[in-house]
Amino acid sequence: MQSERVIARLRVFEAVCRERRLPVTVQRRAILEAVLRRDDHPTADDIFEGVQDSIPQLSRTTVYRVLDTLVELGFVRRIHETGTARFDGNVAHHHHLICAKCGKIIDLDDPALDQLTLTSPEPQGFRIDDYSIHFSGTCPECRKQEA
């Protein structure tokens, strides 16, 4: 994510925290910034490793708790499409391409997918609030290795 956009999102985060009387800690800010600066849909362990140098006393447990808070606040999305929870700083509605070989997740914005409708508004009594479609296949790097 571009630096200006990251800075803007961090300012909004700080305002929301103040509004909810939630402390804006160094850990929360650093973890959110780490997620926002990546587009590879990192795991909690990836985030931990990414901020460990700047905050050496940070624990993995703190990273997991902060990520949970960021998800609750709506600043980060949790993606469960690969078996291991991954995190996405792009909270706008979008879909994903997932490599079945290396596990890479790539954002997919496709207006046609956003227009899908179900024949039943509440299938099997389930109220749908949001949806994300993922396509499984092989990324370009893995395809090159196959050749």
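Is Lys104 buried, partly exposed or exposed? Lys104 is partly exposed, with a relative accessible area of 32%. This is a predicted model. The report below covers its cysteines and its salt bridges.

## Cysteines

The model contains zero disulfides. Take Cys139. The cysteine sulfur closest to that of Cys139 belongs to Cys142, at 3.7 Å. That is too far for a bond, because a disulfide needs the two sulfur atoms within 2.5 Å.

Cys139 is buried, at a relative accessible area of 5%. Cys17 is buried too, and its relative accessible area is 0%.

## Salt bridges: count and network

The count of salt bridges is eleven. Side chains of opposite charge can pair when their charged atoms come close.

Some of the charged residues here form a network. Salt bridges link Glu14, Arg18, Arg29, Glu33 and Arg37.

## Asp40 and Arg38

Asp40 and Arg38 form a salt bridge through their side chains. The N to O distance is 2.7 Å.

How accessible are the two partners? Asp40 is partly exposed, with a relative accessible area of 34%. Arg38 also counts as partly exposed, at 28%.

## Asp68 and Arg78

Which residue pairs with Asp68 in a salt bridge? The partner is Arg78, and the closest N and O atoms of the pair are 2.3 Å apart. Asp68 sits in helix α4, which covers residues 60-73. Arg78 sits in strand β1, residues 77-79.

Asp68 is partly exposed, with a relative accessible area of 36%. For Arg78 the value is 30%, and this residue is partly exposed as well.

## Glu141 and Lys104

Lys104, the residue of the opening question, has a salt-bridge partner in Glu141. Their side chains meet at 3.0 Å, N to O. The pair links distant parts of the chain, 37 residues apart. Glu141 belongs to helix α6, residues 140-146. Lys104 lies in the loop between β3 (95-99) and β4 (105-108).

Glu141 counts as partly exposed, at 41% relative accessibility. Lys104, at 32%, is partly exposed. Helix α6 also spans the position of Cys142, the cysteine whose sulfur is closest to that of Cys139.

Definitions and conventions: Residues numbered from 1 in each chain as written. Predicted model: local features only at pLDDT ≥ 70, side-chain atom pairs only at ≥ 80, totals over all residues. Heavy atoms only, no water. Buried < 20%, exposed > 50% of the residue type's maximum accessible area, 1.4 Å probe, protein only. Salt bridge = Lys/Arg side-chain N within 4 Å of Asp/Glu carboxyl O. Helix = DSSP H or I, 4+ residues; strand = E, 2+ residues; numbered from the N terminus.
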